[in-house]
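Hi everyone, thanks for coming. Please have a look at the sequence and the model on the screen while I talk.

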Amino acid sequence: MKSAVFSVPGLRRLPWLRKDGTLHESRLTSLFSTAGVCLTFTALSTMPSVYIKTYGCQMNERDSEAVAAQLVAKGYTLAVSDRVADVVLLNTCSVRDMAEQKALNKMENLAAEMRRDRPEVVLGFLGCMAQSRGRGLIDRLPDVDLVLGTQKFHRTADYLDEILTGRRDKVVDVEEEKGSEATIKEHLLNGNAQTKSVTAFVSIMQGCNQYCTFCIVPYTRGMERSRTISDVVSECRELVSRGVKEITLLGQIVTSYGKREIGMKDGKSAFVQLLEAVHAIEGLERIRFTSPHPKGYGDDLVEAYGRLPKLCESAHLPVQSGSDRVLKLMHRGYTRERFLGIVEKLRRVKPEMGVTTDIIVGFPGETESDFAETLSLVREVAFDNAYCFKYSPRKDTPAAAMPDQVPQEVIEERHGRLLDLVNEVGKEKYRRCVGQRAQILVEGPSRKNGERFEGRTRANRIVVFEGNERHRGRLLDVKITRAGSFTLYGDPAIVNPD
Ligand code: 5AD
């Protein structure tokens, strides 16, 4: 018998079922039929494959990794592309309209293609846009089977199981869930020694209470909720035991970590207490975190850089604007002067501190002179790099209803000028590194040129060098020989003769 023919309503989704209702025999190790009515699968030799495409920030990348790890643990395989996957999930971003449009277009194309060629494929939206649009996504794209919000990533496997076995047709779940902040735990560290991960991200909290007037995050990620210190530490310890050398603590506003749940102790914020606890893990070499809020840089945190040698001297400090008037309209809670004071304090403790930032261009009411203040701030701080965003009005945020929205062509023009300046300032900073020595942690083959290897300095600058597998995971001293665009080139041989 090549294949069994049967029809059971609800089982049409099974990827091992052909469109004509016949079963791919190879997919099943055994199949029982009782009176021709009830069919039971006892074991499946091939589980479905899943492809996850991620839009947006590092938090989204981390959430996708946890979902992938959860599915792999259930027996799914990871597909190399959406073209061959049985399940395609888009983990979405809502922070700017363009990110939403990209995911919507992608899903529209996928739906058309799958309807034509492979209607059994399960399609899902996860994350921020799923949270903010909910069922509306299925009304707009009826081929979508699954819509899961930001507090439901850990339920993906169960819901897929229900859909794949026909117990449910479609699932939309965007409810709040108590304790969901502690569910992003599983990691995919690519077990095989060839590709072992040297760095890992650990989610320490979810949500944001800042309510910056431009930002949708409090509405998509909910209120701040933090994991316990011991929970975070045990995840970090496990990662280190699997070979991880550098951990980046992640959250929407990490400097608000544990404010309500843990509180201050001996003059130290909960976040600094967490840094100390993670720092104590033997075998861990480096600690980073992102994103902080500038106003979260109290003296206890600044002082921690001087005291905790594993804490790398780099800070991503989102400034958003250099104009006090705009900062106030944005509800950022600091002035230009205060921001400059924070950078100065950090550089006093660690002169080598690498500083990057986020800037929004064209916030409502931004005048040419406000923008000039942003340009002058970029020069004054001399950022290593800045992520420059064109203001995008977001649903239900106060800024979307503010007067004096800046015309798109003005935003484009200012954005271009800002990028030019960021490149000029960054180039000079990188150029100054040439001739110096730096310690790098080797992460693997270079993303720009797979023939070479790359690592990062403690200040978070990428260094490309002639390396090989035996360097992976090692801390190496290199001499910087050349600077390219936001990349350094180094020579370990000069510093570490074999
Ligand atoms: N428009 C443009 N950029 C935004 N960001 C957040 N909201 C918006 C918006 N409505 C930027 C901020 C933030 C980064 C993650 O995205 O700079 O720091």
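A quick word on the ground rules. This is a predicted model, where local features need pLDDT of at least 70, side-chain atom pairs count only at pLDDT 80 or more, and totals for chains, interfaces and linings use all residues. Residues are numbered from 1 along each chain as its sequence is written, and side-chain values use heavy atoms, with hydrogens and water left out.

So, the overview. The protein has 14 helices and 21 strands; these are DSSP runs, H or I of at least four residues for helices and E of at least two for strands, numbered from the N terminus. Of its 498 residues, 54% are buried, meaning under 20% relative accessible area with a 1.4 Å probe, protein chains only. Take the contacts between residues at least 6 apart in sequence: 69% of them join residues at least 24 apart. Contact here means heavy atoms within 4.5 Å.

Now the inside. A nonpolar core is a set of buried Ala, Val, Leu, Ile, Met, Phe, Trp, Tyr and Cys residues joined through side-chain atoms within 4.5 Å. Which residues touch the most other members of the largest one? They are I204, L249, F271 and F289, in a core of 58 residues. Helix 8, residues 270–279, supplies the largest share of this core, with six residues. Apart from it there is another core, of 23 residues, including A85, C93, V144 and V147. Back to L249: beyond its neighbours within four places in sequence, its contacts include F271, L274 and L275, as well as I204 and F289.

Helix 8 also has a partner. Its axis and that of helix 9, residues 299–307, come within 9 Å and cross at roughly 15 degrees; axes are lines fitted to C-alpha atoms over the stretch in contact, with angles from 0 to 180 degrees between N-to-C directions. That makes the two helices roughly parallel, the word for angles under 35 degrees. On the helix 8 side the contact uses F271, V272, L275 and E276, and on the helix 9 side D300, L301, A304 and R307.

The other pair is helix 11 (residues 336–349) and helix 12 (residues 368–381), with axes within 11 Å crossing at roughly 10 degrees. Helix 11 is therefore roughly parallel to helix 12.

Last, A111 in helix 2, residues 97–117. Is A111 buried or exposed? Buried, with a relative accessible area of 2%. Leaving aside neighbours within four places in sequence, A111 is in contact with L123 and D143.

Key
Buried means under 20% relative accessible area, exposed over 50%, partly exposed in between (1.4 Å probe, protein chains only). Angles under 35 degrees count as roughly parallel, over 145 as roughly antiparallel, 65 to 115 as roughly perpendicular and the rest as oblique.
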